[in-house]
Amino acid sequence: MKKKERKLFGNGLGQLAIPIIAICVLVIFNLIRDPSFFSIELLQNSDGNIVLSGNLISVINGASELAILAIGMTLVTAACGGQDISVGAAAAIAGSTFVKVLKSGGQITGFKVLLAFLLACLVAVIFASFNGTLVAVFKIQPMIATLILYTCGRSIAYWINGGATPTVESPILTAIGGFIPWIPVPTPILIVLVMAVIIKVFFRFTSIELFTQSVGINGSAARLNGLNSTFIKILSFMILGVCVAVSGCIGVSRLGLINHETLLLDIEMDAILAVAIGGNSLGGGRFKISGSIMGAYVIQMLTITLWAMKVPSTNVKAYKAIVIVLLVVAGSPVVKKWFEKTVSRFKNRKPEVAAKGAGES
Amino acid sequence: MQDECLLQMRNIEKRFPGVLALNGVDFTLRKGEIHALMGENGAGKSTLIKILTGVYRMDGGSISIEGSPINIHSPQDAQNKGISTVYQEITLCPNLSVAENMFIGREKGVWVDQKTNEKRADEILERLGIPARGAKQLGNCSLAVQQMVAIARAVDMKCKVLILDEPTSSLDDKEVKMLFDLMRDLKAKGVGIIFVTHFLEQVYEVSDRITVLRNGELVGEYLTEELPQVQLVAKMIGKDLDELNTLGEAGEDGKTRSEEVYYEAKGLSSSEALPFDFSIRKGEVNGFTGLLGSGRSESVRAIFGADKVNGGKVKIKGEPVKITRPIEAMKHGIGYLAEDRKRDGIIAELSVRENIILALQVMNGFFKPISRRESEAFADEYIKVLNIKTASRETPVGSLSGGNQQKVILARWLLTHPDYLILDEPTRGIDIGTKLEIQKLVLKLAEDGVSVTFISSEIEEMLRTCSRLIVMRDRHIVGELTGKDLNQSQVMKTIAGGEAS
């Protein structure tokens, strides 16, 4: 931990500085504005569970789908140097599949939910592989390649349930989208934690980090070092596919219904933004997943803060844009360089004087 | 020679995090002079030039042109003040036409008259004797022609100071001669030329004066005719030349002992290489030589499976094997250091450590990552063994000097403990000290039983290290030289196609 800190502040401006600073600023702003923003209460909800409640909980809970998508988006960005803009549409497909299986006769059992989730994963991974193949094999720009699914994805979701927006009701879904009895923390938060741990373990026991970065930075050199960049790129899309399925299923479980038109609408842009705020280059290469996850929370915190300030919902996006411009500019290479220069000048002042003194003597 | 000062740089200082790259360096360029800037990699040549061209800001010192002090804010600013540069690596846009490349960033207003530009470009190119047309896409020209287009662009900008940073490293002899004629021409017109190169002969052929840098400090300024070559080298590397001589002797010793054939190819061909036969014994050092475009790189790429392999029978230690992709070659113990370090070698933004372990990690596979501690140990070991100059093992490799980048890639392949190492131009664009180190390393590897194929544009280097030279011309093998035939004139004759042995 100590080592990390030293790197963060010792090596100039660390990659995580911007999301950390953004979160701090938002926290301080809210503390000044209204300290009750941070109050967390234990309430009894309609299901009779004792649960945590408060703005902060809504922030962390509400950002869950975004945070999970940001994980996958980071990998795709790193490997392919481009973004997948079809994640919202793909999540609608995964969610529709999830519901379709749940609705197919009989009672909703735990086993059936698991089966539905796995099928949703499978479908999402197949669509992601389609995107990945266009990008990795046919060398189509990621945004163009995924534009196809972005355009038609919600229509496909529409077909799956025959155009209806069926509701599903089951205590199991309430547990996934809301609270598990006796656990006061919203389940989506726990799912994000589980996903983060899975990714961490996956990184620990595979070389995906090194390989993805190598392919993303210099594909030609990566190939001559024996790397199969097609495989790495498609793999990154497949991982994103799993993330899409998980977020889609959370989204469905929260509402207890699938609306193919509105499920996770416009989330692709927020996911890309989370990657950018996390200090990752959208041109690919070096990346930090923790940055993107923090980026997701920054975006959500901003939204909830604006809501708490009673900003009319039509204006929220405009205010969000202003803050995001500031964040992105603050994280830009130009500002970073300027900052590093200022810091190093400040640091070097003393030794320089000493060196000059020695030179003159 | 006129003694009028054109450019004066005084007491230039530049520091990077952890390194003092330039420490009180002076440099003076006179009108109508070709001034060679010499030094090892990391000596500060590139830094000095980047300060002069506005890429870096200096931390101390002053620059004046024709007596009046100037500040250079950006590369554009440098050009406006009459300082033009042609960099070592080509920095033009390959997907634009030659004419667009020559005039890009110099048009007045928004509208570009394509036709007029192309016509003007044709005129300039013809005057300079450059075999290119303005309408042609730059990427379709050979590397050499691209280089010359870059020079034509600089020349056309009516520069007072022309900087040529390693302009000849990808040119063949004829093109070098053409370039030198052009340089003398410009010199006669009063242009001051700063010439950075690693080819000593070329320095003596064209330059009037030499400034030597070492470790970011000025060693001195000399008239070329008054500084013998041996002394120049000594000043550059800061030690005497006994090492050069001992190296030659080591070469004699190191020449093949084993009779066991390690690798053998019959009729091997790829999308880029015509069918050829080739073999190498265990612990042998051999080399491919030939002019630029003769197919030497394409041949070794076929061995490694770097291009699409079309046919041929390959045996390793007598066993028939199939190598169609780099990973298969690597699994059979073959390593390949590619010719173009920037494009095919380094992963610039990754650290020295990550770059070093990359090939080994790929061989270990996706599910067996090298632990952090292990990779740090590997990196530290090779940084020490190869004397890689880097601030730390976590420094991005892109910020190292060319020679040190090359060492990192060498370390990457040495770490895989190859049985057969292919080195394509490992010494290109790097300083003489590192060149010597690499040649020594090659001989040492051979002593340890590693087979090495060594390619270099400098025949001298190959004669020193190789026991067998395969000569190529027009994508065919035209001769093989061993023993007493291994001398410069015989190589030249074979390349030229006089009398093949």
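Let's start with a pair of helices in chain A: α5(A) passes α6(A) in a right-handed crossing. Keep in mind that this is a predicted model. Two packed helices are described by the angle between their axes and the distance between the axes. Here α5, residues 87–103 of chain A, and α6, residues 110–136 of chain A, have axes that come within 8 Å and cross at roughly 150 degrees. Angles over 145 degrees count as roughly antiparallel, so α5(A) and α6(A) get that label relative to each other.

What makes the contact? On the α5(A) side, the residues include A:Ala90, A:Ile93, A:Ala94 and A:Phe98. On the α6(A) side, A:Val113, A:Leu119, A:Val123 and A:Phe127 are among them. Sorted by class, the contact of α5(A) with α6(A) has 16 nonpolar residues, plus one polar and one charged.

Now zoom out to the rest of chain A. The chain has 16 helices and two strands. Its C-alpha atoms fill a box of roughly 90 × 55 × 40 Å along the principal axes. How does the radius of gyration of chain A sit against that of a compact globule? A compact globule of 361 residues would come in near 21 Å, and chain A has 23 Å, which agrees. As for burial, 45% of the 361 residues of chain A count as buried. Take the contacts in chain A between residues at least 6 apart in sequence, and 76% of them join residues at least 24 apart.

Over to chain B, where you'll find 18 helices and 20 strands. Chain B has a radius of gyration of 24 Å, close to the 23 Å that the globule rule gives for 501 residues, so it is as compact as a globular protein of that length. The box around its C-alpha atoms, again along the principal axes, is roughly 70 × 50 × 50 Å. Buried residues account for 49% of the 501 in chain B. For contacts in chain B between residues at least 6 apart in sequence, the share that joins residues at least 24 apart is 68%.

Two residues of chain B are worth a stop. B:Ile72 is in the loop between β5 (68–70) and α2 (75–80) of chain B. Is B:Ile72 buried or exposed? With 22 other C-beta atoms within 10 Å, B:Ile72 is buried, because the cut-off for that is 20 or more. Not counting residues up to four places away in sequence, B:Ile72 touches B:Gly54, B:Ile63, B:Asp77, B:Ala78 and B:Lys81. B:Ile51 is 21 residues from B:Ile72 in sequence, and their C-alpha atoms are 8.0 Å apart. The other stop is B:Glu447, in helix α16 (residues 432–447) of chain B. B:Glu447 has 14 other C-beta atoms within 10 Å and is partly exposed. From B:Glu447 to B:Ile34, 413 residues away along the chain, the C-alpha separation is 43 Å.

Finally, here is where the two chains meet. The contact takes 24 residues from chain B and 18 from chain A. On the side of chain B that touches chain A, the elements giving two or more residues are α11 (326–331), α12 (341–345) and α13 (352–364) of chain B. α13(B) gives the most to that side, with six residues. By class, that side of chain B has 18 nonpolar, two polar and four charged residues.

Key:
Residues numbered from 1 in each chain as written. Chains lettered and ligands numbered in written order. Predicted model: local features only at pLDDT ≥ 70, side-chain atom pairs only at ≥ 80, totals over all residues. Contact = placed C-beta atoms within 7 Å. Helix = DSSP H or I, 4+ residues; strand = E, 2+ residues; numbered from the N terminus. Nonpolar A, V, L, I, M, F, W, Y, C, P; charged D, E, K, R; others polar. Rg over C-alpha atoms; globule rule 2.2 N^0.38 Å. Buried ≥ 20, exposed ≤ 12 C-beta atoms within 10 Å, placed from the backbone. Axes fitted to C-alpha atoms, helices over the stretch in contact; angles between N-to-C directions. Parallel < 35°, antiparallel > 145°, perpendicular 65-115°, else oblique. Left-handed = near helix turned anticlockwise from the far one by under 90°.
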